[in-house]
Amino acid sequence: MTRSLFSAKFLRFFFKSRCGACSHWGESGLCPFCLSRFERMKEEACPTCLRKSCECVEHPPSYARLLALGYYRGALRDSIRRFKFHGRADLALDFGALLASFEVPDGIVVPVPLAPDRLAKRGYNQSELLARVFAQKKGLPFRNLLRRRIETLPQFSLRKRERWENLSDAFEIFESPRGKRILLLDDIFTSGATAHWASETLLAAGAPEVWVLVLARAKPYEP
Ligand SMILES: [Zn+2]
Ligand SMILES: [Zn+2]
(Lines give C-alpha, C1' and ligand atoms only; values in the text may rest on other atoms or scores of the structure.)
(Ligands and ions follow the chains in the order given, each with its own letter.)
Protein backbone atom coordinates (compact mmCIF):
# COMPACT_ATOMS: atom_id res chain seq x y z
CA MET A 1 0.00 0.00 0.00
CA THR A 2 1.31 3.44 -0.82
CA ARG A 3 1.91 5.91 1.94
CA SER A 4 -0.93 8.21 0.83
CA LEU A 5 -3.51 5.42 0.69
CA PHE A 6 -2.26 4.13 3.99
CA SER A 7 -2.75 7.57 5.54
CA ALA A 8 -6.35 7.72 4.21
CA LYS A 9 -7.08 4.42 5.94
CA PHE A 10 -5.26 5.56 9.04
CA LEU A 11 -7.31 8.77 9.18
CA ARG A 12 -10.48 6.76 8.78
CA PHE A 13 -9.65 5.18 12.10
CA PHE A 14 -9.85 8.61 13.78
CA PHE A 15 -12.77 10.01 11.83
CA LYS A 16 -14.74 6.81 11.42
CA SER A 17 -17.67 8.04 13.46
CA ARG A 18 -18.16 11.50 11.89
CA CYS A 19 -19.96 12.24 8.64
CA GLY A 20 -17.71 14.14 6.21
CA ALA A 21 -20.53 16.48 5.17
CA CYS A 22 -22.70 17.24 8.23
CA SER A 23 -20.17 16.21 10.95
CA HIS A 24 -22.77 14.20 12.85
CA TRP A 25 -21.41 11.43 15.00
CA GLY A 26 -22.20 7.80 14.51
CA GLU A 27 -21.57 7.48 10.78
CA SER A 28 -18.60 6.34 8.80
CA GLY A 29 -17.53 8.55 5.90
CA LEU A 30 -20.73 10.03 4.50
CA CYS A 31 -24.12 9.49 6.18
CA PRO A 32 -27.09 8.23 4.09
CA PHE A 33 -28.92 11.52 4.60
CA CYS A 34 -26.06 13.59 3.15
CA LEU A 35 -25.57 11.09 0.31
CA SER A 36 -29.23 11.47 -0.56
CA ARG A 37 -28.77 15.24 -0.72
CA PHE A 38 -26.12 15.19 -3.45
CA GLU A 39 -27.60 17.06 -6.39
CA ARG A 40 -27.26 14.56 -9.25
CA MET A 41 -26.68 15.49 -12.87
CA LYS A 42 -29.75 16.12 -14.98
CA GLU A 43 -30.71 13.20 -17.21
CA GLU A 44 -30.95 15.33 -20.31
CA ALA A 45 -27.43 16.71 -19.83
CA CYS A 46 -24.91 16.28 -22.65
CA PRO A 47 -22.67 13.23 -21.87
CA THR A 48 -19.54 15.12 -22.84
CA CYS A 49 -19.89 18.24 -20.74
CA LEU A 50 -22.94 17.62 -18.50
CA ARG A 51 -24.69 20.80 -19.62
CA LYS A 52 -28.16 20.97 -21.09
CA SER A 53 -27.25 23.19 -24.00
CA CYS A 54 -23.71 23.23 -25.28
CA GLU A 55 -21.50 23.26 -28.37
CA CYS A 56 -19.98 19.80 -28.03
CA VAL A 57 -21.20 18.68 -31.47
CA GLU A 58 -19.72 21.72 -33.27
CA HIS A 59 -16.65 22.05 -31.02
CA PRO A 60 -16.02 18.77 -29.23
CA PRO A 61 -13.69 18.96 -26.21
CA SER A 62 -10.57 16.79 -26.15
CA TYR A 63 -12.00 14.19 -23.74
CA ALA A 64 -14.73 11.76 -24.77
CA ARG A 65 -16.91 11.64 -21.65
CA LEU A 66 -17.32 13.48 -18.37
CA LEU A 67 -18.78 11.72 -15.32
CA ALA A 68 -19.54 13.48 -12.02
CA LEU A 69 -21.23 12.45 -8.77
CA GLY A 70 -23.21 15.68 -8.77
CA TYR A 71 -23.11 19.46 -8.83
CA TYR A 72 -20.70 21.34 -6.59
CA ARG A 73 -23.34 22.42 -4.08
CA GLY A 74 -24.71 21.57 -0.66
CA ALA A 75 -23.61 18.34 1.00
CA LEU A 76 -21.30 17.36 -1.84
CA ARG A 77 -19.52 20.72 -1.74
CA ASP A 78 -19.20 20.60 2.06
CA SER A 79 -17.68 17.13 2.02
CA ILE A 80 -15.27 18.00 -0.83
CA ARG A 81 -14.08 21.03 1.14
CA ARG A 82 -13.42 18.85 4.17
CA PHE A 83 -11.67 16.32 1.96
CA LYS A 84 -9.36 18.97 0.46
CA PHE A 85 -8.84 21.57 3.13
CA HIS A 86 -9.76 20.15 6.52
CA GLY A 87 -7.73 17.00 6.83
CA ARG A 88 -10.43 14.52 5.81
CA ALA A 89 -8.21 12.60 3.37
CA ASP A 90 -10.07 9.52 4.60
CA LEU A 91 -13.09 10.60 2.50
CA ALA A 92 -11.12 9.35 -0.52
CA LEU A 93 -12.31 5.90 0.55
CA ASP A 94 -15.98 6.91 0.19
CA PHE A 95 -15.59 9.13 -2.86
CA GLY A 96 -13.39 6.60 -4.67
CA ALA A 97 -15.98 3.88 -4.07
CA LEU A 98 -18.82 6.14 -5.28
CA LEU A 99 -16.91 6.92 -8.48
CA ALA A 100 -16.33 3.18 -8.95
CA SER A 101 -20.10 2.71 -9.28
CA PHE A 102 -19.92 4.34 -12.72
CA GLU A 103 -19.70 1.96 -15.66
CA VAL A 104 -16.49 2.73 -17.49
CA PRO A 105 -14.47 0.94 -20.16
CA ASP A 106 -11.04 -0.50 -19.32
CA GLY A 107 -8.17 1.94 -19.16
CA ILE A 108 -5.33 3.29 -17.07
CA VAL A 109 -6.42 5.34 -14.07
CA VAL A 110 -4.50 8.64 -13.95
CA PRO A 111 -4.86 11.48 -11.43
CA VAL A 112 -4.61 15.17 -12.35
CA PRO A 113 -1.35 16.22 -10.69
CA LEU A 114 -1.14 19.00 -8.15
CA ALA A 115 1.35 21.87 -8.43
CA PRO A 116 4.40 21.04 -6.27
CA ASP A 117 3.91 23.97 -3.88
CA ARG A 118 0.30 23.00 -3.23
CA LEU A 119 1.26 19.39 -2.76
CA ALA A 120 3.85 20.44 -0.17
CA LYS A 121 1.29 22.56 1.65
CA ARG A 122 -1.55 20.02 1.68
CA GLY A 123 0.59 16.93 2.11
CA TYR A 124 -1.46 14.87 -0.34
CA ASN A 125 -2.91 15.12 -3.80
CA GLN A 126 -6.63 14.54 -3.32
CA SER A 127 -7.02 13.42 -6.96
CA GLU A 128 -4.32 10.80 -6.50
CA LEU A 129 -6.05 9.37 -3.43
CA LEU A 130 -9.32 9.20 -5.36
CA ALA A 131 -7.63 7.57 -8.34
CA ARG A 132 -5.93 4.94 -6.18
CA VAL A 133 -9.14 3.93 -4.39
CA PHE A 134 -11.08 3.96 -7.68
CA ALA A 135 -8.43 1.83 -9.47
CA GLN A 136 -8.36 -0.66 -6.62
CA LYS A 137 -12.17 -1.02 -6.61
CA LYS A 138 -12.32 -1.41 -10.39
CA GLY A 139 -9.29 -3.71 -10.65
CA LEU A 140 -7.69 -1.31 -13.15
CA PRO A 141 -4.04 -0.19 -13.30
CA PHE A 142 -3.08 3.13 -11.67
CA ARG A 143 -0.26 5.33 -13.02
CA ASN A 144 0.94 8.83 -12.31
CA LEU A 145 1.39 9.60 -16.03
CA LEU A 146 1.15 13.38 -15.83
CA ARG A 147 3.05 16.03 -14.00
CA ARG A 148 2.84 19.79 -13.78
CA ARG A 149 5.43 21.37 -16.00
CA ILE A 150 5.41 24.93 -14.85
CA GLU A 151 4.09 26.97 -12.02
CA THR A 152 0.89 28.39 -13.45
CA LEU A 153 -0.65 31.57 -12.10
CA PRO A 154 -3.44 31.04 -9.57
CA GLN A 155 -6.62 30.63 -11.65
CA PHE A 156 -8.66 33.01 -9.47
CA SER A 157 -6.34 35.89 -10.36
CA LEU A 158 -7.18 35.68 -14.08
CA ARG A 159 -9.99 36.57 -16.43
CA LYS A 160 -12.00 33.80 -18.13
CA ARG A 161 -10.02 33.68 -21.38
CA GLU A 162 -6.68 33.94 -19.55
CA ARG A 163 -7.73 31.08 -17.26
CA TRP A 164 -8.15 28.83 -20.24
CA GLU A 165 -4.79 29.73 -21.81
CA ASN A 166 -2.97 29.68 -18.47
CA LEU A 167 -3.15 25.89 -18.39
CA SER A 168 -2.36 25.23 -22.06
CA ASP A 169 1.15 23.92 -21.35
CA ALA A 170 0.80 23.13 -17.67
CA PHE A 171 1.11 19.35 -18.08
CA GLU A 172 3.77 17.00 -19.35
CA ILE A 173 3.99 13.27 -19.75
CA PHE A 174 5.92 11.22 -17.28
CA GLU A 175 5.37 7.89 -19.01
CA SER A 176 3.90 7.14 -22.45
CA PRO A 177 0.20 6.22 -22.56
CA ARG A 178 0.46 5.04 -26.20
CA GLY A 179 -2.47 2.89 -27.25
CA LYS A 180 -4.11 2.93 -23.81
CA ARG A 181 -7.41 4.56 -22.96
CA ILE A 182 -7.07 6.90 -19.96
CA LEU A 183 -9.54 7.41 -17.11
CA LEU A 184 -8.52 10.80 -15.73
CA LEU A 185 -9.57 11.62 -12.17
CA ASP A 186 -9.96 15.03 -10.57
CA ASP A 187 -11.95 16.52 -7.70
CA ILE A 188 -13.88 19.38 -9.31
CA PHE A 189 -14.68 20.33 -12.89
CA THR A 190 -15.08 24.11 -13.10
CA SER A 191 -14.28 25.76 -16.44
CA GLY A 192 -13.08 22.47 -17.93
CA ALA A 193 -9.64 23.91 -18.73
CA THR A 194 -7.79 21.41 -16.54
CA ALA A 195 -9.67 18.42 -18.00
CA HIS A 196 -9.21 19.75 -21.54
CA TRP A 197 -5.48 20.45 -21.37
CA ALA A 198 -4.61 17.35 -19.36
CA SER A 199 -6.47 15.19 -21.93
CA GLU A 200 -4.90 17.12 -24.81
CA THR A 201 -1.48 16.22 -23.39
CA LEU A 202 -2.40 12.53 -23.04
CA LEU A 203 -3.90 12.36 -26.55
CA ALA A 204 -0.87 14.07 -28.07
CA ALA A 205 1.31 11.43 -26.40
CA GLY A 206 -0.67 8.61 -28.06
CA ALA A 207 -3.63 7.77 -25.82
CA PRO A 208 -6.59 6.98 -28.13
CA GLU A 209 -9.29 8.27 -25.75
CA VAL A 210 -9.67 10.03 -22.39
CA TRP A 211 -12.62 9.79 -20.00
CA VAL A 212 -12.82 12.32 -17.18
CA LEU A 213 -14.27 11.40 -13.78
CA VAL A 214 -14.78 14.05 -11.10
CA LEU A 215 -16.56 14.33 -7.79
CA ALA A 216 -18.45 17.47 -8.74
CA ARG A 217 -19.14 19.75 -11.62
CA ALA A 218 -19.60 23.46 -10.99
CA LYS A 219 -23.23 24.15 -11.79
CA PRO A 220 -23.40 25.94 -15.14
CA TYR A 221 -25.76 28.87 -15.55
CA GLU A 222 -28.66 27.45 -17.57
CA PRO A 223 -31.79 29.48 -17.96
ZN1 LIG B 1 -24.13 13.65 7.04
ZN1 LIG C 1 -21.78 19.17 -24.26
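1. Two strands count as paired if DSSP finds at least two bridges between them. Helices (H or I, at least four residues) and strands (E, at least two) are DSSP runs, numbered from the N terminus. In β6, Trp211 is the bridge partner of Arg65. β1 and β6 (residues 210-217) pair in the parallel sense over 6 bridges.

2. This is a predicted model, in which local features need pLDDT of at least 70 and side-chain atom pairs count only at pLDDT 80 or more, while totals for chains, interfaces and linings use all residues. Residues are numbered from 1 along each chain as its sequence is written, and chains are lettered from A and ligands numbered from 1 in the order in which they are written.

3. The protein has 8 helices and 6 strands. Along the sequence they follow the pattern α-α-β-α-α-β-α-α-β-α-β-β-α-β.

4. Four strands form an open sheet in the order β1-β6-β5-β2, with parallel pairing. β1 (65-71) and β2 (108-111) are at the edges with a single partner strand each, so one side of each has no neighbour in the sheet. Neighbouring strands are turned by 20° against each other on average, direction ignored. Axes here are lines fitted to C-alpha atoms, for helices over the stretch in contact, and angles run from 0 to 180 degrees between N-to-C directions.

5. Helix α8 (residues 193-204) lies across β5 (182-189) and β6, and runs at about 165° to β5. Contact means that the C-beta atoms of two residues, placed from the backbone, lie within 7 Å. Of the contacts in the protein with a separation of 6 or more, 74% are between residues 24 or more positions apart.

6. Helix α6 (residues 126-138) has 13 residues and reaches 18 Å from its first C-alpha to its last, close to the 18 Å expected; the expected span is 1.5 Å times one less than the number of residues. Is α6 mostly covered or mostly open? Of its 13 residues, 10 are buried (20 or more other C-beta atoms within 10 Å of the residue's own; exposed is 12 or fewer, partly exposed in between; C-beta atoms are placed from the backbone). Among them are Glu128, Arg132 and Phe134. Just after α6, Gly139 takes a positive phi of about 70°.

7. Of the 223 residues of the protein, 38% count as buried. The radius of gyration is 17 Å, which agrees with the value near 17 Å for a compact globule of 223 residues; it is taken over C-alpha atoms, and the globule rule is 2.2 Å times the number of residues to the power 0.38. The C-alpha atoms fill a box of roughly 50 × 45 × 35 Å along the principal axes.
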